[in-house]
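Reader: I would like to go through a model with you, one topic at a time. Could you keep the answers plain?

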Amino acid sequence: MNMQPLLPQGAELAHPPTRGKVYVSLALAFALTLLPWLDQIRWLVPDFTLMLLLYWNIRTPRLAGLGAAFGLGLLTDVVRGAVFGLNALAYCAATFVVLLVQRRLEGFDISRQTLQLSPILLGKETLVLALGLMMGRGAIDWRWLAAGVAAAALWAPMAWLVDRITDRPAPSARVRQPAQ
């Protein structure tokens, strides 16, 4: 069984992500979320902002934590015209859960991370739907849960792409220590 070292080593240590890279990538993900998607597929579009926020919470939790989740959630509420604080609460809840299991998620490869994050991404959509229903947002449309499934399906390509953009070494290139 291969074990990943507790501390970053090699290229990962030499090129840690900067605050600028994190915030620029979150701004780009927020812009991607704001694109004018067709009404027929809008319910299927994942929350790119939350996906990238969770990615950074796994990689560098000190640069994007609960404060960033709350702020991005409030911005999402304002832009989408949702009940103020609805997405902020959902982002904070998802971020909190990821921060609780951050060390475990950090040690997994992308496919195992996808399995671990799928319930969190689907849970965010469920929380938004349930709270929206309780706050009188109207009839519930269960199709919106598909966005959580789409986010889980897109987690691996998104993580791979951000890893390449930020010069993070591929999982196979990371230093491994043999089990003793």
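Reader: Which residues does lysine 124 touch, not counting residues up to four places away in sequence?

Author: This is a predicted model. In it, lysine 124 touches Asp47, Leu50, Asn87, Ala90 and Tyr91, with residues up to four places away in sequence left out of the count.

Reader: Is lysine 124 buried or exposed?

Author: Lysine 124 has a relative accessible area of 3%. Buried means under 20%, so lysine 124 counts as buried.

Reader: And where does lysine 124 sit?

Author: Lysine 124 is placed in helix α7, which covers residues 110-134.

Reader: Let us step back. How many helices and strands does the chain have?

Author: There are eight helices and zero strands in the chain. Read from the N terminus, the order of elements is α-α-α-α-α-α-α-α.

Reader: What percentage of the 180 residues is buried?

Author: Buried residues amount to 39% of the 180 residues in the chain.

Reader: What share of the contacts with a separation of 6 or more comes from residues 24 or more positions apart?

Author: Such residues account for 69% of those contacts in the chain.

Reader: Back to α7. At what angle do α3 and α7 pack?

Author: The angle between α3 and α7 is about 135 degrees, and their axes are 12 Å apart. That angle makes α3 oblique to α7. The crossing in which α3 passes α7 is right-handed.

Reader: Which residues meet there?

Author: From α3, the residues are Leu50, Met51, Leu54, Ile58 and Arg59; from α7, they are Gln113, Leu117, Ile120, Leu121 and Lys124. Sorted by class, this contact of α3 with α7 has seven nonpolar, one polar and two charged residues. Lys124, the buried residue you asked about, is thus among the α7 residues in this contact.

Reader: How do the axes of α3 and α5 cross?

Author: Helix α3 (residues 48-59) and helix α5 (residues 86-100) have axes that come within 10 Å and cross at roughly 25 degrees. Angles under 35 degrees count as roughly parallel, which is why α3 is described as roughly parallel to α5. Here α3 passes α5 in a right-handed crossing.

Reader: Which residues make that contact, and what are their classes?

Author: On the α3 side they are Thr49, Leu50, Leu53, Leu54, Asn57 and Ile58, and on the α5 side Tyr91, Ala94, Thr95, Val98 and Leu99. The contact of α3 with α5 has eight nonpolar, three polar and no charged residues.

Reader: New topic. How many aromatic pairs does a search of the whole structure find?

Author: The search finds three aromatic pairs. In one of them, the rings of tyrosine 55 and tryptophan 56 have centres 5.0 Å apart and planes at 80 degrees, so this pair is edge-to-face.

Reader: How are the rings of tyrosine 55 and tryptophan 155 arranged?

Author: The centres of these two rings are 6.4 Å apart and the planes stand at 50 degrees, so the pair is tilted. Tyrosine 55 belongs to helix α3 and tryptophan 155 to helix α8 (residues 146-165), so the pair ties together parts that are 100 residues apart in sequence.

Reader: Which residues form the aromatic cluster, and are they buried or exposed?

Author: One aromatic cluster is formed by Tyr55, Trp56 and Trp155. Tyrosine 55 is buried at 1% relative accessibility, tryptophan 56 is buried with a relative accessible area of 1%, and tryptophan 155 is buried at 0%.

Technical notes:
Residues numbered from 1 in each chain as written. Predicted model: local features only at pLDDT ≥ 70, side-chain atom pairs only at ≥ 80, totals over all residues. Heavy atoms only, no water. Axes fitted to C-alpha atoms, helices over the stretch in contact; angles between N-to-C directions. Helix = DSSP H or I, 4+ residues; strand = E, 2+ residues; numbered from the N terminus. Parallel < 35°, antiparallel > 145°, perpendicular 65-115°, else oblique. Left-handed = near helix turned anticlockwise from the far one by under 90°. Contact = heavy atoms within 4.5 Å. Nonpolar A, V, L, I, M, F, W, Y, C, P; charged D, E, K, R; others polar. Phe/Tyr/Trp six-rings, centres within 6.5 Å; stacked < 30°, edge-to-face > 60°. Buried < 20%, exposed > 50% of the residue type's maximum accessible area, 1.4 Å probe, protein only.
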